[in-house]
Amino acid sequence: MRVYVFGRENPHPAFAKIKKKDASVEFISIEMMKKQISVLPAGSIVYADLSVGKGTDANKIIKLLEGQKHILWGIIDPKGAIKDPAALFHRGAADYLGKEAVKSPLHASRLQRVASFHTVEVSEEASTESMLSYIPSGSDWSTVKDGKEYTFCLMYFELGRQAELKKNASDKQMKERSQIVHDFLERTVAPLSGRIWIWSGFGGLVLIPFDGKNCEAVLTAVRMQINRTIISIEECKLGLTVSYRIAIHLGNTIYRSRGETGTIISDSINSLYHLGQKYARPGDLLLTEEMERFIPSGIRDMFVNTGVYEGRCIYKFVL
């Protein structure tokens, strides 16, 4: 999650308790706001401090903010300059920090609520460019050829609680447990024509063919999250309730047979591994903005916008 605070360049005390793992917070001079705001990454959270600078025109700042449809914005108002804060939300605001709110540092949970307050807009031009970049891999593997580039649904999977599994376990036992998890994932993605493409220890990457129109991986992943107790008892008999972090992306890569993937260079794969290993927290199910439109309508409200990571809006499944 990326947060930009336009006011003074030094850190604002209201954000003192926000940790890097929860959000990246940058403090920028209010004078730079007009120049920089339009080029901020989509999905960013932007705050403007009305108490900074001589002759700060609150109306001009708010008008500038409400014209930016690619961000979520809020106002910091320690002096109570805004007489009708509710009117800000009518104009598109996602947060308001008044006299009382700024007395105590914000919690990360507040930023999460701001991030999910409403959906930011992605330009039609950008959406069209994304569609034109598709190289459909089909509804199955019948047309996929080694060495050719295709668009796949890419799923990163990593089992949690690995330290408990490794405690007092022999190498043979670890190999057996890894195979149990591998086989469970293989059975789970089989109805999607998915294949485990890369595997190491207790995690890896799944490739699912994409025909340019449909992708049912989101619903499968949600079932995995909701049914963890049943899966622990019936599928993964490891002596503990399983948890896993899952990240799903739609991207392009050259296809090579499993075991021959070491020489592949793919921005999509690198981005997904970064998302799964560096951004996702234990138990998370995350989707990139490319996957957002494939969320089934019945569960769309269960995904919240958590901000931007490496230039992409990220959506998190929340029960």
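Me: Buried means under 20% relative accessible area. By that cut-off, is W197 buried or exposed in this predicted model?
Reply: The model is predicted. W197 has 3% relative accessibility. The cut-off for buried is under 20%. So W197 counts as buried.

Me: Which residue does W197 stack with?
Reply: The ring centres of W197 and its partner lie 6.1 Å apart. Their planes meet at 15°, so the pair is stacked. The partner sits in the loop between β9 and α10, while W197 lies in strand β7. It is Y255.

Me: How many residues apart in sequence are the parts that W197 and Y255 tie together?
Reply: W197 belongs to strand β7 (residues 195–200). Y255 is in the loop between β9 and α10 (267–279). The pair ties together parts that are 58 residues apart.

Me: Which residue has its charged end over the ring of W141?
Reply: W141 forms one aromatic cluster with Y150, F152, W197 and Y255. A charged end sits 4.2 Å from the centre of the W141 ring. That charged end belongs to R195.

Me: How many aromatic pairs does the whole structure hold?
Reply: One of the pairs is F184 with Y244, which is stacked because the ring planes are at 25° and the centres 6.3 Å apart. F184 is in helix α7 and Y244 in strand β9. A search of the whole structure finds 16 aromatic pairs.

Me: How many disulfides does the search find?
Reply: A disulfide needs two cysteine sulfur atoms within 2.5 Å. The sulfur of C215 is 3.3 Å from the closest cysteine sulfur, in C153, so it is too far for a bond. Across the whole structure, the number of disulfides is 0.

Note on methods: Residues numbered from 1 in each chain as written. Predicted model: local features only at pLDDT ≥ 70, side-chain atom pairs only at ≥ 80, totals over all residues. Heavy atoms only, no water. Phe/Tyr/Trp six-rings, centres within 6.5 Å; stacked < 30°, edge-to-face > 60°. Helix = DSSP H or I, 4+ residues; strand = E, 2+ residues; numbered from the N terminus. Buried < 20%, exposed > 50% of the residue type's maximum accessible area, 1.4 Å probe, protein only. Lys NZ or Arg CZ within 6 Å of the ring centre and 35° of its normal.
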